[in-house]
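Colleague: Please take a close look at the charged side chains and the aromatic rings. What do they pair with?

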Amino acid sequence: MRNGNTDLGVLTARKGGLDGGGWVTGVRIANDGWMVARTDCGGIAGIRGPNATEWTQLFRFGENFPASEYHDKCMSGLNPTSWVYDVAIAPSDSNRIYASFLGFRWRSDDRAQTWVKLTAVRDQTETWFPDGPSRQGGTYIAVDPANPDVVVWCHPVNGAEYSTNAGVSFTPCAGVLAPVNAGNERRGVHVAFDRSSAVVGSGAAARTQVLAIIASGRSVQRSTTGVAGSFSTVGTGGPTVASSIEVANGRIFVCGAGGSRDSQLFVWNGSAWSQPTAGGNPILAMCVQARPGTPATVLAMSEGGGQF
């Protein structure tokens, strides 16, 4: 695969087995090659090692997940709290996984061999629908690239919260505006860390400094002092709705969700927003992602598989 003149390496297909449908969305890859993903229909999530040939489901009732958590509407398309809304793996420690499942927040410290419930009260509402308009977007949960205990959790109604103790407690992100959801376009709140930004502290005190958040109906907001810093609006003329956000080398990339799944790509270059073109035409894409380990390389992809 190539991005212009940049070689992105060889992509190898692997057998599925997630028992979901539609697109495989929200693929997250740790630094050691372990990855997690979810399907956009059915909200099923899976994990795969760097040398594995098949995926393994993250949640298996009665095996790695308490059978007592099962209820009669589990896996029902009519129940918005039944599926995996999002899943994230810590870039620096692939043992650590966070997920929103059955309307609750969960954490695994052993690559999904066991799970710990982080919230005693279900925090999903009917506007947080894993099979709704937001299913192809993300990311909604993001782990600090330098610290697996630091995580940002976005909610489609309430905004964003962060934890610095592996999800034991959460604090609202300072200055982040709650989304304004129009009609059925509940795109929620998206978050991304800049893996190339400075890290302050070490070990349990390590904090990646730059991250950005965009809430539906709001402008992009950014913190340059980590998750506990204050978020402020980034420039003017940028997107106010998103299907995907990425931050790399100080630049912010947003696929602004419009009437179609593929939408105009917006780029913040550090001083102004622009809408780049390719061959004289606007770049329309569904998702955007920096290459792990090479943040200067950013790939935007359309619903039909077009690459920019």
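Modeller: Start with Arg 105. Its charged end sits over the ring of Phe 170, 4.6 Å from the ring centre. The rule: NZ of Lys or CZ of Arg must be within 6 Å of the ring centre and within 35 degrees of the ring normal. This is a predicted model, so local features need pLDDT of at least 70 and side-chain atom pairs 80 or more, while totals for chains, interfaces and linings use all residues. Residues are numbered from 1 along each chain as its sequence is written, and side-chain values use heavy atoms, without hydrogens or water.

Now the salt bridges. Each needs a side-chain nitrogen of Lys or Arg within 4 Å of a carboxyl oxygen of Asp or Glu. The whole structure has seven. Arg 105 is in one of them, with Glu 161, at 2.9 Å from N to O. Glu 161 lies in strand β13 (residues 159-163) and Arg 105 in strand β9, so this bridge ties together parts 56 residues apart in sequence. Strands and helices are DSSP runs, numbered from the N terminus (E, at least two residues, for strands; H or I, at least four, for helices). Arg 105 is buried, at 5% relative accessible area. Glu 161 is partly exposed, at 25%. Buried means under 20%, exposed over 50%, partly exposed in between, with a 1.4 Å probe and protein chains only.

Elsewhere, shared partners join Arg 96, Arg 107, Asp 109 and Asp 149 into one salt-bridge network. Take Arg 96 and Asp 109: their closest N and O atoms are 2.8 Å apart. Arg 96 is in strand β8 (residues 93-101), and Asp 109 is in the loop between β9 (104-108) and β10 (116-117), 13 residues away. Arg 96 counts as buried at 11%, whereas Asp 109 is partly exposed at 37%. Arg 96 also bridges to Asp 149, again at 2.8 Å from N to O. Asp 149 sits in the loop between β11 (141-143) and β12 (151-155), 53 residues from Arg 96. Asp 149 is partly exposed, at 24%.

Last, the rings. Rings of Phe, Tyr and Trp (its six-membered ring) pair if their centres lie within 6.5 Å; planes under 30 degrees apart are stacked, over 60 edge-to-face, the rest tilted. That gives 10 aromatic pairs. One is Phe 61 with Phe 65, edge-to-face, at 5.4 Å between centres and 80° between planes. Phe 65 is buried at 2%; Phe 61 is partly exposed at 25%.
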